[in-house]
Amino acid sequence: MIETALPPGRTTFSELRSLPARDIQGVGPRVEKALKELGISSLADLVSHYPSRHEDLSNVKKISDLRVGERATIFARVVGMKPVGRPVRGRSPGFSAQLYDGTGYIPATVWGRHWLQNQLLPDTKVVVSGEVQRKYGIQLAAKSVEIVEESDEKSTGPHAGRFVPIYAVNKGIQARRMRALVHRALDEAGHILDPLPLEILFRHELPSLDDAIQEVHFPEGKAALKMAMRRLIFHELFIIQAALAARKARIEETEEGRSRVGDGLLLNRFVKSLPFGFTGAQERSIAEVLEDMRSERPMRRLLQGDVGSGKTAVAVAALLTAVEAGGQGAIMAPTEVLAEQHFLSFSKDLEDLPVNIVLLTGSLGAAERRIAHERIQNGEANIVIGTHALIQKGVEFNDLSLVVVDEQHRFGVAQRTTIKEKGATPDTLIMTATPIPRTLSLTLYGDLEVSVIDELPPGRKPVETSVVPVDGRLDAYDAVRHELDDGRQAYVICPLVEESEALEDVRAVEELFEELEAEIYPDRSVGLLHGRMKAAEKREVMADFRERRIDVLVATVVVEVGVNVENASAIVIEGAERFGLSQLHQLRGRVCRGIHPPKCFLVSDPKTDDSEKRLEAMVEHQDGFRLSEVDLAIRGEGTLFGSRQSGMPDLKVAKLLRDMEILVEARREAFALVESDPRLRKPEHRPLRREIRELLGESVEWLFRE
Ligand code: ADP
Ligand code: MG
């Protein structure tokens with residue numbers, strides 16, 4: 001161990017992690033097991049098992065001093081007990097315990113909590129807090145009742161006479177025991193070393209980690225609790241941002257990119273051939289991308305833009321530039337349907353250019369695949385479009401210089417990294433249509449540069465969105481008929497989880513298809529598309545829809561991302577309450593591309609408040625960024641980071657929407673610190689480095705590789 005820089009007498013968090021919880025006095029095998037179930041196995045876990053709330057038991061009074069209307073806590077002895085309320089099936093709904101403290105008597109009424117009755121034997125000492133009421137005489141409406149030991153009355157005890165922490169507990173461990181354990185653990189932990197530099201704490205008026213942890217459990221008062229929380233939130237976000245900053249610094253230091261400069265010949269011809277001019281936001285994004293490609297450093301850029309904002313055109317501009325500069329470009333899409341659509345539209349848009357485009361998906365036959373592999377390897381393929389098949393073994397590029405990942409939120413971190421390894425530090429452009437709040441993107445993609453397309457192509461009409469109750473769904477289909485009569489097309493979506501299109505799911509979408517074909521639109525051509533169909537069948541259906549041989553396409557969420565058929569002007573989403581908000585927004589995005597004012601019908605039977613809120617949000621908002629914030633607010637943030645895309649740890653105390661300001665401060669400080677010491681090698685930064693490693697684990701191993 002070479003942690004020589006530690007001030008003496010301080011414990012590091014890392015040391016606390018190596019001390020098992022069972023070493024604490026009072027933790028036997030049974031409690032140890034109960035703690036494990038709560039995810040607590042070390043001293044560190046115990047001191048960071050933060051309370052979910054506090055009970056204000058600081059207003060301790062004598063019975064004779066109680067005033068009607070106040071909330072107070074008393075220490076007293078049980079002297080009698082009787083049931084209250086009208087018994088139901090032989091049991092009273094509550095009881096009243098007569099209490100005495102030497103200055104007077106008061107009955108404390110308790111509703112429910114029957115088990116307490118057997119515990120509150122005469123002479124038991126209790127601490128009770130609640131509101132003093134006048135109801136058939138003075139009484140205390142008890143909110144909390146706890147049995148105490150004689151010694152607890154001194155205010156130094158953890159259980160009363162203060163802000164008392166309330167913890168998440170389970171069957172094997174009681175609230176009181178948990179409080180005592182945390183109290184003891186804090187004692188044993190001693191002074192905890194602060195991995196954050198002092199001057200940062202000064203600048204932001206934050207208490208030390210040591211104080212913050214103490215105060216968050218056993219605060220002196222409300223103000224202290226708030227300060228402590230602020231410190232812990234800052235801490236959590238700072239560690240993540242420091243890791244991101246260090247990753248960025250390291251990549252910039254070790255990855256040697258090449259400067260790619262195009263002569264503009266292909267790009268200009270492409271731009272001229274487009275039936276539209278770029279929006280300002282597209283132009284700006286293209287300029288940023290080309291600038292990155294020109295620099296010696298490999299590009300690592302996120303292109304964020306709402307559904308239909310025209311990200312593909314930016315990707316094409318980048319791909320053509322890579323080709324002009326003599327390299328190969330690849331674009332990876334999450335579904336075959338989307339890869340094939342890109343292939344068709346690229347082939348058409350770039351028809352007159354001397355550019356070879358190759359499609360590589362899992363469903364190519366062996367012979368086709370061999371040819372594709374060959375052309376990719378010998379460099380004949382200039383632009384390669386594909387699915388995951390692109391990152392399989394056996395795919396070798398001649399000179400992969402640009403990687404575009406479309407709809408990146410559908411890929412895992414690993415997949416994104418593997419495709420990069422097919423080239424020698426290629427430039428990467430990551431595109432996402434799932435708009436995420438800025439706070440979240442700073443956290444998830446905090447080490448990437450970001451371009452935002454915050455402007456839709458001109459002439460887009462908002463999608464008229466309505467919620468239709470299930471028994472009115474035929475009205476929705478009637479409304480869609482008007483669209484069809486005007487020569488437009490429609491999607492009908494059946495709610496399935498795409499990843500697991502099980503057989504019964506397929507049956508459901510087939511039934512819906514049959515209903516539409518036989519009963520609702522017998523005079524129209526209705527098509528069916530789901531994930532279990534063979535690739536060739538899917539291709540044929542998409543082609544039929546694109547070329548208007550199909551009027552109504554019944555589909556699962558296979559069409560969720562990217563699919564672009566401009567003549568489609570209506571979408572009916574069955575079982576809309578079962579979709580997430582970002583999915584609904586994506587689906588609706590399928591019909592916002594044409595010139596007709598499009599329509600979206602959300603057929604639903606909301607069963608929860610949350611699903612109702614989601615549907616209301618869809619009616620109210622068109623803007624994906626706004627919707628993503630609503631979504632985050634509804635869903636809560638607990639699991640965002642555990643999700644497959646992030647590789648980041650769950651947040652324990654920070655909430656991204658609420659803590660935006662703290663995040664921005666923490667980010668600024670973390671990036672400045674890393675700039676002054678990119679590998680966190682200075683002795684005073686060692687504790688921080690170590691904290692990053694232990695908290696973020698494998699996802700930051702790169703930081704520690706030599
Ligand atoms: P997304 O950002 O969702 O991937 P796309 O790139 O698929 O969106 O573009 C959606 C549609 O908008 C396409 O039909 C495309 O041709 C069209 N489009 C893109 N840019 C413009 C523009 N500047 N003006 C008009 N239409 C555009
Ligand atoms: Mg797209």
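Reader: Glu691: buried or exposed?
Author: Buried. In this predicted model, Glu691 has a relative accessible area of 7%. The cut-off for buried is under 20%, so Glu691 counts as buried.

Reader: Where does Glu691 lie?
Author: Glu691 lies in helix H23, which covers residues 686–696.

Reader: What is Glu691 in contact with, beyond its sequence neighbours?
Author: Leaving aside neighbours within four places in sequence, Glu691 is in contact with Phe13, Arg17, Pro195 and Ile239.

Reader: Which other residues of H23 are buried?
Author: Besides Glu691, they are Pro687, Leu688, Arg689, Ile692 and Leu696.

Reader: What covers them?
Author: The cover includes helix H1 (13–18), helix H8 (222–254) and helix H22 (660–676).

Reader: OK, on to the cores. Which residues touch the most other members of the largest nonpolar core?
Author: Leu35, Leu46, Ile213, Leu237 and Phe238. That core has 60 residues. Its largest share, 14 residues, comes from H8.

Reader: Where does this core lie relative to domain 1 and domain 3?
Author: Between them. Domain 1 (10–53 + 186–221) and domain 3 (231–255 + 658–704) both give residues to the core, so it lies between the two.

Reader: And Phe238, what is in contact with that one?
Author: Setting aside neighbours within four places in sequence, Phe238 is in contact with Leu196, Ile200, Ala666, Glu669, Ala670, Leu673 and Leu688. Leu688 is also among the buried residues of H23.

Reader: What about another core?
Author: There is another, of 39 residues, lying apart from the largest one. Among its members are Leu303, Val314, Leu359 and Val404.

Reader: New topic: the sheet of six strands. What is the order?
Author: S15-S20-S19-S16-S18-S17. The sheet is open, and the pairing is parallel.

Reader: Which strands stand at the edges?
Author: Strand S15 (464–469) and strand S17 (526–529). Each has a single partner strand, so one side of each is left without a neighbour in the sheet.

Reader: How are neighbouring strands turned against each other?
Author: By 20° on average, with direction ignored.

Reader: How many bridges join S17 to S18?
Author: Four bridges join S17 to strand S18 (residues 552–555), and the two run parallel. Within this pair, Leu529 has Ala555 of S18 as its bridge partner.

Reader: Which helix packs on the sheet, touching S15?
Author: Helix H19, residues 581–588. Besides S15, H19 touches strand S16 (489–493), strand S19 (568–573) and strand S20 (599–604). The direction of H19 makes about 150° with that of S19.

Note on methods
Residues numbered from 1 in each chain as written. Chains lettered and ligands numbered in written order. Predicted model: local features only at pLDDT ≥ 70, side-chain atom pairs only at ≥ 80, totals over all residues. Heavy atoms only, no water. Pairing = 2+ DSSP bridges. Axes fitted to C-alpha atoms, helices over the stretch in contact; angles between N-to-C directions. Contact = heavy atoms within 4.5 Å. Buried < 20%, exposed > 50% of the residue type's maximum accessible area, 1.4 Å probe, protein only. Core = buried A, V, L, I, M, F, W, Y, C linked by side-chain atoms within 4.5 Å. Domains from an automatic or database assignment.
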